[in-house]
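Please look over the sequence and the 3D structure shown below before reading on. The paragraphs that follow lead you through them step by step.

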Amino acid sequence: MKTFTVQLSYAAYYFREEVVEAETLEEALDKAVTEADASGSWSSTDTTGNTFVDAVAEGDHFDLWADNVQQLPIPSRFAEDRGGPEIVVTVEGGLIQHVDIHGGTARVEVHDYDTEGTSEPQNQERDPDGTAYLRTVHSNRDEDLPNTNPAPDSAG
């Protein structure tokens, strides 16, 4: 039987609310992060994330981060980010029929260089070298989804 030393962690979540003024969302987020980073006043949510593996090595080691310790690769299901989502692209007859995204959020951009005889030449884009392609985007991220609840008409 082998001996392994495993360093485990979990994320403890803290929060801080910032009110900022900005011209754009990106500018507001940059300002909020800068102000939060400069503050020492954060509150605990009293919740934690899943336990994950930071480091592992065969043997009994006092310090897994020492120069003489050879860490082993961590299988993605034990890693903090769990290896990201699994994306399955179904192609039939040379066309993408469906994109399934499991285990996380993702934005999948597809460049189809088989443009000969396309019925949508107006939708062609070009690479920097001038090669034409058809571009489609598949996503399950909130920021990429169409707004299904438009703002009410304020003149109403």
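Which element gives the most to the lining of the largest pocket? Strand β9 does, with 4 residues. Before going further, note that this is a predicted model, in which local features need pLDDT of at least 70 and side-chain atom pairs count only at pLDDT 80 or more, while totals for chains, interfaces and linings use all residues. Residues are numbered from 1 along each chain as its sequence is written, and side-chain values use heavy atoms, with hydrogens and water left out.

The chain has 1 helix and 9 strands, where helices (H or I, at least four residues) and strands (E, at least two) are DSSP runs numbered from the N terminus. Read along the sequence, these elements follow the pattern β-β-α-β-β-β-β-β-β-β. The radius of gyration, taken over C-alpha atoms, is 24 Å, well over the 15 Å that the globule rule gives for 156 residues, so the chain is more spread out than a compact globule; that rule is 2.2 Å times the number of residues to the power 0.38. Along the principal axes, the C-alpha atoms fill a box of roughly 65 × 50 × 30 Å. Buried residues (under 20% relative accessible area, with exposed over 50% and partly exposed in between, using a 1.4 Å probe and protein chains only) make up 15% of the 156 residues in the chain.

Two single residues complete the tour. Q97 lies in strand β6 and counts as partly exposed, at 46% relative accessibility; leaving aside its neighbours within four places in sequence, Q97 is in contact (heavy atoms within 4.5 Å) with T90, V91 and E92. D46, in strand β3 (residues 43–48), is exposed, with a relative accessible area of 70%. Phi of D46 is near 60°, a positive value in a residue other than glycine, whereas most residues other than glycine have a negative phi.
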